[in-house]
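Subject: Structure handover and notes

Hi,

Here is the structure I promised to pass on to you.

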Amino acid sequence: SLLFSGRLFIRVCQANGMDELIDTINQLQDVFLATGSQGLDLPQIVVVGAQSSGKSSVLEHLVGKSFLPRGPGVVTRCPLVLRLQRAQGSLQEYAIFQHDKTRVFTDSEMITREIEEQTTRLAGGRRGICSVPILLRLYSSSFLNLTMVDLPGLTKVPVGDQPADIERQTRDLTLKYIQNPNCIILAVTPANADMATSESLKIAREVDPEGMRTLAVVTKLDLMDDGTDAMDILTGRVIPVKLGIIGIVNRSQKDIMEGKSIMQNLKEEAEFFYKKYRSICELHGSVYLTKTVQALLINHIKNCLPKLRERINQKLASQKLELDALGDSKTDRPTLLLDLMTKFSNSYCAAINGDLSNIQTNELYGGARINYVFQESLSTTLKSIDALAGLSKGAILTAMQNASGVNPTLFVPEVAFELLVKRQIKRLRSPCTQCVDLIHEELCRIVQHCVEDQDSGLRRFPKLQREITEVVSELLRSRMPITNQMVDHFIDIQLSYVNTGHPDFLPNWAPSMQLATVQSNRSDSDFLDRKKSSSSIKFAEEDLQPLRSLNQDPQMEKSARHCILIQELIQSYFSIVRKSVQDIVPKIIMHFMVNYVLDHLQSELVAKLYRRDASDLLQESVTVVERRKEVKAAISALEKANSILNMLKPAKKQRYLPHFQIKYSVFQFGLNKKYPQM
């Protein structure tokens with residue numbers, strides 16, 4: 001026989017005219033599946049109760065088929081997570097276990113046997129329990145996507161080889177599942193036990209003190225002693241439950257052994273309630289329980305409609321934005337090519353000029369990065385260069401002697417000064433060429449960012465991306481030689497003429513030099529004090545040490561004074577050239593590279609690309625074509641979902657779910673009426 005041929009949960013809904021709403025919910029699930037988003041978050045139904053209270057029978061009645069292990073003592077020893085899933089386009093009903101996805105089950109007896117075997121593998125062959133769940137997926141074209149959970153029964157006293165803390169284990173395991181606020185609790189209590197001591201209701205109230213998601217189910221009404229009934233329990237006079245108390249009559253173990261079907265049990269159950277509880281028979285029974293659970297689900301769905309609409313609208317807006325970015329494949333090709341090149345040029349210029357619509361916050365980019373290279377990197381590097389680096393006192397004295405030749409010097413030789421200062425100026429060339437490289441690198445990075453930008457529209461066309469990148473990169477490469485050449489020329493200009501008449505050059509240096517040479521009768525201490533008070537230079541101890549023994553060698557005194565003066569002159573003039581380099585080199589780079597590219601970018605792209613075959617350049621990648629189809633399908637599905645939701649009315653706010661709201665009852669099948677076909 002086919003699996004779950006009863007399908008009570010679905011058929012009862014259809015019998016009450018709610019099949020249209022169920023179809024609507026299933027259509028929404030299909031829409032979410034097509035768009036790759038999370039489906040409608042339906043609550044899971046968790047069956048809670050003491051051991052042998054009839055939990056598994058309640059779950060079977062909701063599903064409509066006998067497939068769970070049955071027997072005396074502890075039977076359910078692992079949580080069974082039952083997921084009903086809609087199978088599109090499949091007429092066959094089947095089941096798959098999570099622990100063995102390769103096997104497909106179509107017979108209920110095989111499912112029962114596999115549950116028993118997996119329970120033994122997880123919990124052992126005796127009476128111990130295990131918290132590892134058994135996940136069973138049931139597929140049918142008429143199912144709602146719904147989750148039901150059957151838990152091991154709550155127990156007090158260890159039996160057999162059960163651990164001493166079996167009560168804590170079962171309690172913790174139950175709390176783990178019912179603490180979920182998106183969970184409907186079916187608190188099962190047998191009628192032949194005291195309702196006031198019901199463990200299922202007690203633990204349900206711990207996590208649901210308001211009782212907004214707890215439904216009480218009373219089983220084994222047919223096993224009560226003669227002369228007693230459960231009228232007070234079923235009417236809520238003993239313990240009231242907000243969502244209601246529903247009594248049912250399950251199949252006994254003898255009925256199962258004799259092969260009594262669920263349909264036959266439903267008929268006998270209807271007769272039982274009509275005879276024993278005629279005044280309230282319409283509010284009890286397995287069919288009414290199924291109807292109540294279904295009503296709770298529908299009410300939950302309708303309460304979710306506002307958030308669901310908001311989620312769909314957000315998804316729809318994002319999909320439309322993505323479709324706009326993907327563009328239309330039917331646009332005129334030459335016009336599209338020109339528009340894309342113009343958009344790229346504008347984006348590139350905006351990145352340098354700071355007119356970006358989306359400003360990055362994680363790093364410097366574009367014009368800001370170029371400015372940082374000029375103001376920080378180049379400036380810091382130039383300032384770190386010591387004007388006297390590599391010029392020892394001995395080297396300066398040697399240069400002075402070589403510049404004088406055979407004639408002794410009366411004044412500081414200018415030739416020695418020029419040779420030494422030019423040697424130091426040459427050290428400024430390397431930081432300048434490095435600055436050119438950094439700016440070129442940043443301009444290339446801007447190209448890569450612009451062609452990959454979602455708003456540029458170039459991601460659709462990989463070949464055009466490559467061609468634009470190549471054209472702009474070639475333009476940038478062509479500006480590198482001339483920019484480096486102009487930087488070299490500027491350094492060479494500084495080397496070609498040492499302007500000792502510069503207004504910022506060390507003032508009155510010639511008179512000071514003459515006085516330092518002619519007035520040899522001045523004391524060494526006065527000379528040292530004058531030099532130490534100078535704000536333009538600081539001398540190391542080793543530079544002043546020769547002056548401490550000048551009385552021994554007047555010639556050495558004069559040489560030391562000339563050496564100090566040469567150092568002071570080099571520092572003064574080097575500072576002038578460094579400031580000039582710091583000011584002029586950025587201007588050279590901006591004029592010959594950055595501004596030139598900005599001025600000629602659009603024309604270069606048009607000259608190199610516009611005359612080529614537009615169809616070849618605008619050939620879309622397979623990924624873009626497929627993605628456009630997916631986005632269009634998603635938009636169509638989301639618009640359909642919106643129209644589906646517009647047909648549903650939002651749920652009215654209600655604190656209770658009174659029985660009278662559900663007009664359909666088991667007795668409408670009637671003792672003399674025909675049951676709906678299962």
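This is a predicted model: local features need pLDDT of at least 70, side-chain atom pairs count only at pLDDT 80 or more; totals for chains, interfaces and linings use all residues.

Residues are numbered from 1 along each chain as its sequence is written, and side-chain values use heavy atoms, with hydrogens and water left out.

Let me start with the cores. A nonpolar core here is a set of buried Ala, Val, Leu, Ile, Met, Phe, Trp, Tyr and Cys residues joined through side-chain atoms within 4.5 Å; buried means under 20% relative accessible area, exposed over 50% and partly exposed in between, with a 1.4 Å probe and protein chains only. The largest one has 74 residues, and the members that touch the most others are Phe-344, Tyr-348, Ile-439, Leu-443 and Leu-464. Helices that each supply at least two residues include H12 (333-353), H16 (429-452) and H17 (462-496), while H21 gives the most, with 21 residues. Helices (H or I, at least four residues) and strands (E, at least two) are DSSP runs, numbered from the N terminus. A second, separate core has 37 residues, among them Ile-45, Ile-134, Ile-248 and Tyr-288.

Leu-464 is in contact (heavy atoms within 4.5 Å) with Leu-337, Leu-340, Leu-458, Leu-609, Leu-617 and Leu-618, leaving aside neighbours within four places in sequence.

Next, the rings. There are 9 aromatic pairs, where rings of Phe, Tyr and Trp (its six-membered ring) pair if their centres lie within 6.5 Å, and planes under 30 degrees apart count as stacked, over 60 as edge-to-face and the rest as tilted. Phe-97 and Phe-105 are edge-to-face, at 5.2 Å centre to centre and 85° between the planes. Phe-105 is buried, because its relative accessible area is 1%. Phe-273 and Tyr-277 have centres 6.1 Å apart and planes at 45°, so this pair is tilted.

Last, Thr-76 sits in the loop between helix H3 (55-63) and strand S2 (80-86). With a relative accessible area of 17%, Thr-76 is buried. Its side chain has a polar contact of 3.4 Å with that of Ser-56 (a pair of N or O atoms within 3.5 Å; within protein, one must be able to donate a hydrogen and the other to accept it, and residues adjacent in sequence count only if both atoms are side-chain atoms).

Best wishes
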